[in-house]
Amino acid sequence: MKVKVINKSNNQLPQYETEKSAGMDIRADFSRVSPENPIKVFGDAGIIFAGEGHNKTMLRLEPNSRALIPTGLFTTIPDGYEIQLRPRSGLAIKKGLTLANSTGTIDSDFTSEWGIPVINLGFETIWIEDGERICQAILNKVEHIEWENVEELKKTTRKGGFGSTGSM
């Protein structure tokens, strides 16, 4: 499916890393970040700009800190679809980097820049470089709910709520 995109980053467009990948990797874009145009950070986090002892601009993210990482991507997603943003499994398990909202949604009527809300749930400082792959995006069809008020629901054998089926 074709999705219209404007790429204001210095990164290539997102792509599938293997032929059968479900998601495309999304990269951080710090090319337009400056002291006058900072990114949103919450907790102990900050930007180290290129030239301050580093080749690339980097984000320092301490444990339990969050940041909204720009991507430079602007899209028009077709009606009836959404983009889901998901953590990259390797970063999540190895470093504790995940998305602050678990799975993020980009709606078809959202045309502003994609921002990736990350959180460091690990035990050590995470450094994110400009251009680094930070999450993945998956295009999904969206169905809208039409509620039907009823007086009764079909009974099932299920009893209880979360955790009621046991841990094994």
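This is a predicted model: local features need pLDDT of at least 70, side-chain atom pairs count only at pLDDT 80 or more; totals for chains, interfaces and linings use all residues.
Trainee: Which strands stand at the edges of the open sheet?

Mentor: Five strands form this open sheet, and their pairing is antiparallel, in the order S2-S3-S14-S9-S11. A strand at the edge has a single partner strand, so one side of it is left without a neighbour in the sheet, and this applies to S2 (15–16) and S11 (104–106).

Trainee: Which residue of S14 is the bridge partner of Pro87?

Mentor: Strand S9, residues 81–87, runs antiparallel to strand S14, residues 133–141, and seven bridges join the two. Within S14, the residue that forms the bridge with Pro87 is Cys135.

Trainee: And which residue of S11 is the bridge partner of Ile83?

Mentor: S9 is also joined to S11, in the antiparallel sense, by three bridges. The partner that Ile83 has in S11 is Ile106.

Trainee: Which residue of S12 stands opposite Ala67?

Mentor: Strand S7 (residues 66–70) pairs with strand S12 (residues 115–120) over five bridges, and the sense is antiparallel. S12 is joined to strand S10 (residues 97–99) as well, by three antiparallel bridges, with Leu97 opposite Asn120. Opposite Ala67, the residue in S12 is Val118.

Trainee: Which strand gives the most to the lining of the largest pocket?

Mentor: A pocket is found on a 1 Å grid over the protein atoms alone, as an open set of points where a 1.4 Å probe fits, with protein on both sides within 12 Å along at least five of seven lines; lining residues have an atom within 4 Å of a point. The largest pocket has 16 lining residues, with Val3, Pro14, Met24, Ile83 and Trp114 nearest its centre. Strand S3 (24–27), strand S8 (73–76) and S14 each supply at least two residues of this lining. The greatest contribution, three residues, comes from S14.

Trainee: How many residues of that lining are nonpolar?

Mentor: Ala, Val, Leu, Ile, Met, Phe, Trp, Tyr, Cys and Pro count as nonpolar, Asp, Glu, Lys and Arg as charged, and the others, Gly among them, as polar. In the largest pocket the lining has one polar residue and one charged residue, and the number of nonpolar residues is 14.

Trainee: How much space lies in the second largest pocket?

Mentor: Pro38, Ile39, Leu68, Pro70 and Glu113 lie nearest its centre, among 14 lining residues, which divide into seven nonpolar, three polar and four charged. S7 provides the largest share of this lining, three residues. A volume is the space filled by probe spheres set on the grid points, which are joined across faces, edges and corners. For the second largest pocket, this space is about 200 Å³.

Trainee: At what distance from the ring centre of Phe74 does Lys8 lie?

Mentor: A charge sits over a ring if NZ of Lys or CZ of Arg is within 6 Å of the ring centre and within 35 degrees of the ring normal. Lys141 lies over the face of Tyr81, at 5.2 Å from the ring centre. Lys8 lies over the face of Phe74, and its distance from the ring centre is 4.9 Å.

Trainee: Is Asn64 buried or exposed?

Mentor: Asn64 lies in the loop between strand S6 (58–61) and S7, and its phi is positive, about 65 degrees, although it is not a glycine. Buried means under 20% relative accessible area, exposed over 50%, and partly exposed in between, with a 1.4 Å probe and protein chains only. The relative accessible area of Asn64 is 54%, and therefore Asn64 is exposed.

Trainee: What is the relative accessible area of Ser102?

Mentor: Ser102 is found in the loop between S10 and S11, and its phi is also positive, near 65 degrees, in a residue other than glycine. Ser102 counts as partly exposed, because its relative accessible area is 48%.

How values were computed. Residues are numbered from 1 along each chain as its sequence is written. Side-chain values use heavy atoms; hydrogens and water are left out. Two strands pair if DSSP finds at least two bridges between them. Helices (H or I, at least four residues) and strands (E, at least two) are DSSP runs, numbered from the N terminus.
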